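I will write down each thing as I find it.

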Amino acid sequence: MDSLHWIIPKFTVPTWMDVLVAIIICIVGWLIQRFIIKKIINRLVIFLRNRHRNFQANVLAQFSKAIGYAFMTAVIVLSLSYLIEVPLFTHKSTKNFVLSIMVFFAFKGVYDVLNFYTKQPLQLTSEEDQNVLLPFFLRIGKVLIMIFAMFTIASFWNFNLNGFLTGIGLTGVAIAFGIRDTLAHVFGGMSVALDNPFQIGDWIATEDQKIEGTIEDINLRSTLIQTGDKGLVYVPNSYLVNRPIYNLSRREKRKCEQYLYVAATNEEDTIRSALTAIHKEIYLHANTEKDMIHVYIDEFHYDRYRVLIRFFVATNDTAVMLEVRQEIFFAIRQIVEELSITLAAPEDDEGPRKKK
C-alpha cells in the first residue's frame, strides 16, 4: 500500500466488497470478450468472405487476438479503477502506461497481419499477378512496424530519441564493418526485389549450372531453392545477384535440337526428299511452332553429311516436350526407312566408320 501511495497518493483502500466487485467486472468482461466480441468478429469474417472480400476478412481475423487482448486490458484497468476509486485511464501517473499498452496491441494487430501474409503471400495477390518478392517486403515491414511501435511508445514517456538515434548510428557504423558480408547478402536481396527476376515456384538455373531448382522462399539474406534431387539449398542473395540467372519457368516454348548423320553415298535427290518429308512432318504436328523449323545439312565431311533438325514445341511442360520430340523421332525413323537412307556414325574423320 505504501508503494501504491507513492505512485497514486489519493487512492482509497479497497474493501472486500470492492475486491469482489472488481473480480466480477473482470469475469463479466472475459465472458463478453469470449462469447460476444469473438463471435461478432467471426461472423463478420464469414460475412466478408462470402462477399469475396478476402483481404478485409483476413485483416479482421488477424486483428481479433489483439482486439481481445486490448479489451481485456481495458476491463482490468476499469476494475482496478473501481477498486481504488482512481480513474487510471486519465490519471497522470498511469495514463501513459495504459496508453502504451493500447498502442502496443494496435501495432501487434498490424504485425499479425504482416506475419500472416508472409507465410501465405499468394492470398494477397491474384494468381495472375503473383509477386515472389512479397514475403521479402513483408518481412521488412514487420521489422519497421516493431521499430515504429518502439519509437511511438517511447515518445509517450518523453524519451530522448535524438541521443538514442545518435548512439544507434555510431554503433551501426561499427557493426556494419563487422557484418559487411551479411550486408552484401541483404542488399543482394534488395536487388533481387527491385529486378524481380523470379518468383516463388519458378524453376531457375545459373549460367554455370551449379545451382538449378525451384524457388521455395526468399528472405533478407538468402534464397531457398529445392534442387532436382529434392534437396534444399540456401543460396546467399549476393551469389545470385552476381551471376546470370535463367528463369526456365517463364519460357513459352521449348527448343528441340537433334543431329542426323547420313552417308555421302546417298543420292542427293533422296536426301532432299527426306529433308522435305521431315520438315513437313514437324510442320503438321499440332504442338510445334510453325514459324521456326530448321531441317538442313549444316556440315559436310568426305563420307557423311550432318543434318540439323531444330524445332520448337509450344509448351513449357517438359513431359509434353519430350512426348512431342519422341513422336517426331519415330516419324523421322519411318521416313529414313521408307526412302532407304543410309545413316552414318557421328565419329571423327580419323575414327572407324559405321553404316547401316
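Which residue in β2 is the bridge partner of Trp203? I looked this up in what is a predicted model, and I found that Trp203 is partnered by Thr214 of β2.

**Entry on the strands.** I then looked at the whole pairing and noted that β1, residues 203-206, and β2, residues 212-218, run antiparallel and are joined by 3 bridges. I next turned to β3, residues 222-227, which runs antiparallel to β2 and is joined to β2 by 5 bridges. As one example from this second pairing, I wrote down that Gly213 has Thr227 of β3 as its bridge partner.

**Entry on the helices.** I moved on to α3, residues 54-84, and α4, residues 95-119, whose axes lie 9 Å apart and which pack at an angle of about 155°. Angles over 145 degrees count as roughly antiparallel, and therefore I recorded α3 and α4 as roughly antiparallel to each other. I also noted that the crossing of α3 past α4 is right-handed. When I listed the residues that make the contact, I found among them Phe55, Phe63, Tyr69 and Val77 from α3, and Ile101, Met102, Phe105 and Phe116 from α4. Sorting the contact of α3 with α4 by class, I wrote down 17 nonpolar, 5 polar and 1 charged residues.

Conventions. Residues are numbered from 1 along each chain as its sequence is written. This is a predicted model: local features need pLDDT of at least 70, side-chain atom pairs count only at pLDDT 80 or more; totals for chains, interfaces and linings use all residues. Side-chain values use heavy atoms; hydrogens and water are left out. Two strands pair if DSSP finds at least two bridges between them. Helices (H or I, at least four residues) and strands (E, at least two) are DSSP runs, numbered from the N terminus. Axes are lines fitted to C-alpha atoms, for helices over the stretch in contact, and angles run from 0 to 180 degrees between N-to-C directions. Angles under 35 degrees count as roughly parallel, over 145 as roughly antiparallel, 65 to 115 as roughly perpendicular and the rest as oblique. A crossing is left-handed if the near helix is turned anticlockwise from the far one by less than a right angle, and right-handed if clockwise. Contact means heavy atoms within 4.5 Å. Ala, Val, Leu, Ile, Met, Phe, Trp, Tyr, Cys and Pro count as nonpolar, Asp, Glu, Lys and Arg as charged, and the others, Gly among them, as polar.
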